[in-house]
2 protein chains.
Amino acid sequence: MPDKPRVVVIGAGFGGLEAARTLARLPLQVTVIDRKNHHTFQPLLYQVATAGISPAQVAAPVRWILRERNNVDVLMGEVVDFDLPGRIVKLSDVNIPYDFLIVAAGARHSYFGHEDWAPLAPGLKTVEDALEIRRRVLLAFELAERQTMAGHPEPPLNFIIVGGGPTGVELAGTLAEIARHVLRREFAAIDPRRTRIILLEGGARVLPAYAPELSRSAVRQLEKLGVEVRESALVTRIEPGVVWVGQERIPAAVVLWAAGVAASPLGKKLASELDRAGRVVVNGDLSLLAHPEVFVIGDLAAVKDEHGNLLPGVAPVAMQQGRAVAKNIARTLGNQSRRKFRYIDKGSLATIGRAAAVAQFKGLKISGYFAWLAWLFVHIFFLIGFRNRLIVLIEWAWSYLTYERGARLITGSTSLPGWSEPASEEKEVALPRRF
Amino acid sequence: MPDKPRVVVIGAGFGGLEAARTLARLPLQVTVIDRKNHHTFQPLLYQVATAGISPAQVAAPVRWILRERNNVDVLMGEVVDFDLPGRIVKLSDVNIPYDFLIVAAGARHSYFGHEDWAPLAPGLKTVEDALEIRRRVLLAFELAERQTMAGHPEPPLNFIIVGGGPTGVELAGTLAEIARHVLRREFAAIDPRRTRIILLEGGARVLPAYAPELSRSAVRQLEKLGVEVRESALVTRIEPGVVWVGQERIPAAVVLWAAGVAASPLGKKLASELDRAGRVVVNGDLSLLAHPEVFVIGDLAAVKDEHGNLLPGVAPVAMQQGRAVAKNIARTLGNQSRRKFRYIDKGSLATIGRAAAVAQFKGLKISGYFAWLAWLFVHIFFLIGFRNRLIVLIEWAWSYLTYERGARLITGSTSLPGWSEPASEEKEVALPRRF
C-alpha cells in the first residue's frame, strides 16, 4: 500500500489551522508545525495585555484543536530552512519530507530598522508579548505610587502607543478605561486619572484601512474615553523613558509598539522575490512562482485584490486562503486544474473600548454601541472552544458591569526601562498620605 | 489632630491579609507591603502548575482586595531591612515608620543546602513557579514527541516529584491524570500513558501530618491513579535529567521539588533566635521577645501548640494569627492586657486527584470521594472574588466531565535541563508514524 501524500503546514495561526482542518477530510497525511504549542486568537490578545482576560482564554493547544483529525499530526518546533528541490522542511533536529507544503508563518512587528527600540516598546503578537505589556502597564502605576510615597515628585504617567491601526486603537481605548475607572480608587499617593494615554499615528489618520468618516468617528470615540490622539505624528526616536516626535520630547512611563509588521524571515528562504515588507510574491493560486507544490498564505503572502490593493493581514484573509489552497491540493490530486484565489470581503470591525467601535460591511458604516455589539458577537463566535467562549463572556459581562479587570497580575521582573530607582536616603522617612 | 497610630504589615498572604482586614475596622493607619502586586491562593497553585486553571483565577491584586478599606494603603516593594529601635521598615527606596509592625513574610522552598538543585527541580510557591512547572511538564511531552519522530529512541518520560507532603501528593495525582487521560489521544509518536509519575518521600510515610491510616489511604488512591509511591526514599543528588536515591539512578524528564520549606530571610533581620527552619521564636502573643510592638505570624513564626508540637504552615494557622495580633494591637491601644494566641484546629484536607482526597476533622477521618467533595467546597468558599469562584467552578466541572485541562500553554523558553537536542543529520529523513 503506497503512503498517502504528505502535506506539511507551517504555522498554526488562522490560515494554517483552516488549511489543516480542510485537508483533514482528504486522503492525505498532514503535519502541522508551530513554534508554540498553542494557537493564539490574536484579535483578543489586547485584552490579555490590558489585564481583562487570561492567556489560556485566547490560546488553545494546537494538538487539542486538531485532536479528532486522525490524519493530522502536530509538531512543536522551529523551522530553520527548506530543501525545496528535495521537498524537505528542516527543523534543528528533524527533517520532514512533503509532497505539498503550506507556509503560513505569519508576521512579527517591525521597527523599521530600529531594532534597538524593541526592548523599549514591546509589540503585541504573542502571549508572551501580551504578558510583557500587562507587566509594564500595571508596574508603572505601582512604581509611581512608591516613588511618590518616598517623597519624590510624581513621575509623569504617560502611556504612549505608537501606531494607530486596530491594535493601537484598542490598546489606547482600553488603557484609558483602566486609568480612569479600574484603578481610580485604589492608590493613595497618585491619582491614576491623571494618566495620559497618547496615541501617535505617523500617517494622516488612524485606522487607515477604514473609510475616512470611520477614522474620524474613531478619534471622537477615543477622545471621549480620554485618549489624546495625534495624527501625522511620526516617531523619530525612542529612548528609555522618552519618545521623540521630530524635535518634541515626550516623557513616557510605558511605550507600546503597534506601528508596523514584517513578514516571517522564512519568506527569504522560500523565494527571492519579496515585497517591501518581506512578503512572498505568489501565483494566483497562492503557490510559489517556481514551485507549484508550495503555497504561501496569510500575513506572509503578498496577494492583491482585483483593484490592485494588497489584502490586509487579518484573520478572514488567512482563513479563506487556507481553505483555498487545501481545495487546490485536492484538485491537483484529482487531476483537475487549480482555481485562482479570490478574497470575499465580509466587512471589517475594530473595537475601541467600552461600547465603542467602528464597523464597515460593504456600503454600510456604523460606529459606537452597535458596532461594538457586532464586534463582541463576532469575536465570541470565532473563539475556539465552548469553555473559552463561556468564560470570556463572563469576564466581559463582569468587567462591563463593575469596571473591574479579571487578570491584573504582575509577573516576572519588577523593573521598567527608563525608571531609575531613586537611591535610598537614610534619614528620609515618608508618611504616605491618602489622595 | 494627632496622626492615627500606624501599623505596617509585611506580606499579603493569608496571615497578612487577615491582619489588615481586622485592623481596617480600628482607628489606625495601615500599610500593607508585598513584593508582588497580588495575593496568591497557594492551596490551588498546583492547579495552575498542572494546566487546569489560569494564574488570575488564584491570584488577586492586593489593592483590589483591600480597595474598600480607606485606612489601608498598599505598597508593592521588597523589604530589605528593619530599624527596630527606630521603628522603621526599609525598602530599597523608601523608609516606612511604624508604631506596630506585623511581619508575615512567609516561606520559600528549601533545598537543604543544595541550592544548585533549584534550577533542576523547581518548587511551587509563586505564580511564576507554577508557570515554570507547567512549562516543563507540557514541554517534556512535546520534546519527547519530536525526538521520537526524528528517529531517536523514545526518551524515558519519568516525572519525579520529591516530597510526599500535600503539595507533592496533589502534583503527583494530577500529573498522572494528565498523562493517562488528558493527553492520551493527542500524540502520534509517543504514548503519554507510558509516562511514569514517581513520588519520592524521604520519611517513613506520605502526608506525615495526617493520621497513619490516611497516609496509607493516600498511597492506595495515588496508586490507583497510576502514581508510583516510594516512601523512605531519600534523594541524595539531582543532576540534569537524573535523580539519585542512594546508589539508585533514576532518569527524569522533569523533576519537581515539594520537599522542604525555609522561612523568609527577613527572619534573620528580626531576631537572633531562630529555629532550625529559620522561623522566628516569639512570645505567646506572637510578639518579638525584645519588641512587644513587633509581631511575627504565619510560616515565619515558630509557634507551638499545647502539646509542644509546632503549628503547621497552613492558611488557617496564619489567618487565626493575623486576627489575633490585630486584636492584641487593639487591646494594647485600649490599655488592656494582651491575650495569648491559641490555635483552633478545625481539621485538615489534602486532595490527591480526581475524586481522591483525605480529610481529618477532630476524631473523624475520611478518604476518597467525600473527602474530595469537602476539599472542593472548602477551597471554592475561601477563594477570593465571586468571579474567580464562578470561573474556577466552571473549569473544574468541565475538566471533570471531559478530562480536559483549560490552560495548557507553554510560554517562555523551549528548552529543558537534561534534554540535549540531538544534532541534525543532513541525510536523515523521518516519517512520523501514528502511534
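Close-up 1. A salt bridge is here a side-chain nitrogen of Lys or Arg within 4 Å of a carboxyl oxygen of Asp or Glu. Residues are numbered from 1 along each chain as its sequence is written, and chains are lettered from A in the order in which they are written. Because the model is predicted, local features need pLDDT of at least 70 and side-chain atom pairs count only at pLDDT 80 or more, whereas totals for chains, interfaces and linings use all residues, and side-chain values use heavy atoms, leaving out hydrogens and water.

**Close-up 2. A salt bridge between Asp93(A) and Arg146(B).** The side chains of these residues meet at 3.1 Å, N to O. Asp93(A) lies in the loop between β7 (88–91) and β8 (95–97) of chain A and Arg146(B) in helix α4 (residues 127–149) of chain B, so the pair joins two chains; helices (H or I, at least four residues) and strands (E, at least two) are DSSP runs, numbered from the N terminus. Asp93(A) is buried at 2%, and Arg146(B) is buried at 9%.

**Close-up 3. A salt bridge between Asp93(B) and Arg146(A).** The closest N and O atoms of this pair are 3.1 Å apart. Asp93(B) is buried at 2%, as is Arg146(A) at 8%.

Definitions and conventions: Buried < 20%, exposed > 50% of the residue type's maximum accessible area, 1.4 Å probe, protein only.
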